[in-house]
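Reader: Please take me through the terms used for this model and show what each one rests on.
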Amino acid sequence: MTGIGPVEPYHPDEADGLHQDAPTPTDLLKSNTPHLGTRWAALPRSRRRLVQTLAVIATAIGALFALHPAPDTRAAPNPYPWPASVTTLRYEGRGTTPTSFRFEVDVARGTPVTVHQVGAGPPELSARTTPRLPLTVKAGNPRLITVRISVYDCALLPPAIVLPYLDLLISNETAQQQQSFLFGGTYPHDLWTGLRALCFPNRPSPTPTSPGQDTGGRLTRQ
């Protein structure tokens, strides 16, 4: 077929007169479901009592969760610490003799720590303690001990003792450890002064090189 003129759109449905907006089914806008009250009244009495009981229980559980405090998420201290991690040895000054020195043994927390042995450090020296060992120290209840230093041979003494230390064998319910405590401050001067007075009484005492308060350093050896 031929012709001249604008092309008109062709809609077969319109030609048939069938292109109309389909009506919305009315049954989709209505519900034949009974109201909640009607359905509740239709339940058997035993079923209604069961539902009421469950609702009361659920309400009580919700109230308990609401009143229960939030759990503490902070890390709790280890209840079984190693003795070396909780034991501190502090120098407290000279004793009654030139080569006796007082120390405080302190346990920060956990089970009691027992001191089994105390060594003077360098092999030329030996140590005795008062009170006698073993000594048990409870957490929060520090104990004082006096360490008396002896010299095996004065000729074997080094020219100086810069960082003296004490070796302690300690234990608690978790483990037994060999712990070395290094000291700065006044203890090196006091120790060297006492050793010189014992071995070289005619030599003048050295001047202190690092005055101050001692805090026990640590070097753990298991």
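Predicted model: local features only at pLDDT ≥ 70, side-chain atom pairs only at ≥ 80, totals over all residues.

Author: Residues are numbered from 1 along each chain as its sequence is written, and side-chain values use heavy atoms, with hydrogens and water left out.

Reader: Why is Thr146 called buried?
Author: Buried means under 20% relative accessible area, exposed over 50%, and partly exposed in between (1.4 Å probe, protein chains only). Thr146 has 17% relative accessibility, so Thr146 counts as buried.

Reader: What is Thr146 in contact with, leaving aside its neighbours within four places in sequence?
Author: Its contacts (heavy atoms within 4.5 Å) are Ser100, Phe101, Arg102, Arg128, Thr129 and Thr130.

Reader: How do you know that strand 2 and strand 6 pair?
Author: Strands (E, at least two residues) are DSSP runs, as are helices (H or I, at least four), numbered from the N terminus. Two strands pair if DSSP finds at least two bridges between them. Strand 2 (residues 100-107) and strand 6 have six bridges, in the antiparallel sense.

Reader: What makes Cys154 and Cys199 a disulfide?
Author: The term needs a pair of cysteine sulfur atoms within 2.5 Å; for Cys154 and Cys199 the S to S distance is 1.9 Å.

Reader: Why is this disulfide called left-handed?
Author: The torsion about the S-S bond of Cys154 and Cys199 is about -70°, so the disulfide is left-handed.

Reader: Are its two cysteines buried or partly exposed?
Author: Cys154, at 26% relative accessibility, counts as partly exposed, whereas Cys199, at 13%, is buried.
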